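The following paragraphs lead through selected elements of a structure. Please keep the sequence and the coordinates in view while reading.

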Amino acid sequence: MVNVYILGMKSAEIHILTDEIINKIAAGEVIERPASAVKELIENSIDAGATRIQVQIEQGGKKKILVADNGKGMGKEDLNLCYLRHTTSKLQSADDLFHLQTNGFRGEAVASIAAISKMTISTATEDGDGGRLILKGGNIEDEQTYTSGHGTTFLIEDLFFNTPVRRTFLGSETSEGTRILDVVLKTAIAHPEIRFDYKVGDKAVFIGVPGELRSRLAEAIGSGVAKNLLPVDYTEAGVHVSGYISPTTETNGKRHHQFLFMRKRPIESKVIAKAISQAYEPYGAQCKPVTVLFLDMPDQEFDVNVHPAKREVRFANQNLVFLVVNHAIRDTFQKDLEAKSPFIDLSASMVQADTGDAPVPQYQAAPAYSAPIYKTPEVPRTNEVSDRQKTNSYSVADDVQDLFSQPEAGKIISLEPGQGNVPEPKPESAPWTPPTLFQIANTYIAGEDAEGLLIIDQHAAHSRILYERALATLENGSDLDSQELLFPELIEFSKMEKQVFSSVEMQLKKLGFFVEHFGGDTFQIRSIPSALPLSRAIKAVHQFLDSCAETGDADPKHITDTIAKAWSKTNAYQAGDKLKPEEMAQLMGQLMSTEEPLKSPYGAPTLMRITLDELAKKFKH
Ligand code: ADP
Ligand code: MG
């Protein structure tokens, strides 16, 4: 027999908890420290439509927290409800939980804070309805009349006064104060349109004047840092990312300022943090960028009510969020580079001409020594290839490059004038010598351009060129040229490879790999892409099939993309390949003619720039 005794019976072991205890326990979950109380109170002020919020603390918020707003205020009736548990004016049904619009509607915050402090609420609506309540541990001590303009002031004294254990777990005045400042700054950044005043004791610590996000950032993290930040505005797969981030050249801040928001609510997210660090990784492991990112996505894609303090956000599709944030940052870098590079400006105006819009090319005048724009004829990559020039079925890049023959562009350089269909430079165009390029560790190509030093990752860059070439071929028909092998190479396929092979055989052939069944698991390679050295043929076919196998996806568009990626990876210059000067020049020229010159097909950066400014800084000019 199970004995369940109810409160009041002497021998009872199980008790029904009083409301007071329930509130205290709940309070501990929602209000971990003074900063959590400040966060909740400010959020309520924002929900109440405040345009001005004042926060004042004493002793790290342990002795006093005051949050005053000019929001819509509460009438007497609401005032008498707001401090009770599960009271909210913002949520009518469980369904509303999935349509988050406000800063939280658990109806727990005020009750929780009230339960563990001495709280004075002074509030009034526009109509003058309102009052003042003085509570201690959630119980009314006193009720007063209150008349003032509309708005609400919460005064919290002696937080955790009745939960001594919690109190002892709090940090020092300084550390709790720092957390409060963090909350104030984050909220202020999320709401640059609201006036914020933050005081510690009598000392004004932060003042936020209503304005643009960038000026709010200047107030919050310093105008020197804020003025160089790049604006982010990117949408992919229904996820919108906006805000500001450090340019790749300004990542040596003292602190890694990372401000993340989901619909203006500050959040923490390991996934996003990782997406950010990965995007900055190529620019140095010690990168300390400033990143201020606002995310938005359909309601069903995220949940912020996972944690009682609503700090963490859970995404329905973590991988997607990772990718989109990562892309958003890289896209911003790319736009920045485009804005700075005279070459890429040219391609932007070409796109404009293509659309049939009134072509108003805005060629950016480049200094005489600048702009790595040059057109070179195709040159064989290796000595094993003798007749590559005669059939070059790739026309997209050529079309693009031909546009440079417009006199305005004026910088068409042929390394071998007269070859192919390269137009002769117009007599009026300034003489131009290609920059001297050299290889570092047979892996990177370095050269000077208008901005300073340009460093290209030869594998990433070549992959980009070949990837777009392969895509064009697979999508528009004509085959890429290949070299027939005098002696076919025999190759063994695994079961998996056999299966992949049978599904991509046609595309393989278009890209220059002709492979035939020989018997059993053995196949023979009859021809390979012209540019591929024979020594790499077998490995290349294996690699190609492996890469294709990785995406077990049947969407034809994805298959094409996978094949193009695999082909580019296999055929591209590898790290360690020694390149001739003309190969380097050709690579640069072709890279600049691609649609996305700054990214490899796998999303890695293809080039890096060290500007003259940065060089000067490094040398402490
Ligand atoms: P929630 O914000 O989830 O609704 P809270 O416990 O934080 O729950 O607040 C309870 C209610 O008190 C709110 O729904 C709102 O009606 C009222 N309230 C709290 N703070 C303010 C404020 N600064 N101005 C106006 N109303 C407020
Ligand atoms: Mg609230």
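Helices (H or I, at least four residues) and strands (E, at least two) are DSSP runs, numbered from the N terminus. Aspartate 481 is located in the loop between helix H13 (458-476) and strand E19 (482-492). This is a predicted model, in which local features need pLDDT of at least 70 and side-chain atom pairs count only at pLDDT 80 or more, while totals for chains, interfaces and linings use all residues. Residues are numbered from 1 along each chain as its sequence is written, chains are lettered from A and ligands numbered from 1 in the order in which they are written, and side-chain values use heavy atoms, with hydrogens and water left out.

Because its relative accessible area is 17%, aspartate 481 is buried; buried means under 20% relative accessible area, exposed over 50%, and partly exposed in between (1.4 Å probe, protein chains only).

Serine 122 belongs to strand E3 (residues 118-124). This serine has a relative accessibility of 5% and therefore counts as buried. The side chain of serine 122 makes a polar contact with the side chain of arginine 132 at 2.9 Å; such a contact is a pair of N or O atoms within 3.5 Å, where within protein one must be able to donate a hydrogen and the other to accept it, and residues adjacent in sequence count only if both atoms are side-chain atoms. Leaving aside residues up to four places away in sequence, serine 122 touches Gly131, Arg132, Tyr146, Gly151, Thr152 and Thr153, contact meaning heavy atoms within 4.5 Å.

Strand pairing comes next. Two strands pair if DSSP finds at least two bridges between them. Strand E7 (residues 195-200) and strand E8 (residues 203-208) pair in the antiparallel sense over five bridges, and tyrosine 198 has phenylalanine 206 in E8 as its bridge partner. E7 and E8 form a hairpin with two residues between them, and glycine 201 in the turn has a positive phi of about 65 degrees.

Leucine 260 stands opposite leucine 293 in E13.
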